[in-house]
Amino acid sequence: MGGWRPKHIHVSVSRGSSRLITQMYFPDEPNNASDPMAILMGDAFERNVGKPRDPQTADVKEAYDFDIVVGGRNATFFE
């Protein structure tokens, strides 16, 4: 275990003067468990992991579903 963060994608959603930033993590990444943001999210971390799906095209090797929930009990963790 080092100071490396797991592979992840930053997602920014904006409308008007509001901006939300979150991260999509990849399943089975070895550094997920030691990532500071993942630790901060606690049980909510799993909702921030993309779900693998069929890419449906030969040009794409991997595809993931990642739902962003803005409010409520299952809201996405935002920075």
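A nonpolar core is here a set of buried Ala, Val, Leu, Ile, Met, Phe, Trp, Tyr and Cys residues joined through side-chain atoms within 4.5 Å. For burial, relative accessible area is the criterion: buried residues fall under 20%, exposed residues over 50%, and partly exposed residues in between, with a 1.4 Å probe and protein chains only. The structure is a predicted model, in which local features need pLDDT of at least 70 and side-chain atom pairs count only at pLDDT 80 or more, while totals for chains, interfaces and linings use all residues. Residues are numbered from 1 along each chain as its sequence is written, and side-chain values use heavy atoms, with hydrogens and water left out.

The secondary structure comprises 1 helix and 4 strands, arranged from the N terminus in the order β-β-α-β-β. The C-alpha trace spans about 40 × 35 × 20 Å along its principal axes. Of the 79 residues, 29% count as buried. Contacts, defined by heavy atoms within 4.5 Å, were examined between residues at least 6 apart in sequence; of these, 39% join residues at least 24 apart.

The largest nonpolar core consists of 7 residues, namely Y25, M37, A38, M41, A44, F45 and V49. Helix α1, residues 36-41, makes the greatest contribution to this core, with 3 residues. In soluble globular proteins, nonpolar side chains tend to be buried together.

Strands β1 (residues 8-15) and β2 (residues 18-25) run antiparallel and are joined by 8 bridges; strands are taken to pair if DSSP finds at least two bridges between them. Within this pairing, V13 has L20 of β2 as its bridge partner, and R15 is bridged to S18 of β2. The hairpin has 2 residues between the strands, and G16 in this hairpin adopts a positive phi near 60°.

Positive phi values also occur at two residues other than glycine. D28, in the loop between β2 and α1, has a phi of about 65°. This residue is exposed because its relative accessible area is 78%. Q56 lies in the loop between β3 and β4 (63-65) and has a phi near 65°. Its relative accessibility is 67%, and Q56 therefore counts as exposed. By contrast, G42, located in the loop between α1 and β3 (51-53), is partly exposed, with a relative accessible area of 39%. The C-alpha atoms of G42 and Y25 are separated by 14 Å, the two residues being 17 apart along the chain.

The protein exposes about 5900 Å², of which carbon and sulfur atoms supply 52%; accessible areas come from the Shrake-Rupley method with a 1.4 Å probe, and for residues only the protein chains shown count as cover. The side chains include 9 positive and 11 negative groups, and the centres of the two sets lie 6 Å apart. In this count Lys and Arg are positive and Asp and Glu negative, whereas His and the chain ends are not counted. Each charge is placed at NZ of Lys, CZ of Arg, CG of Asp or CD of Glu.
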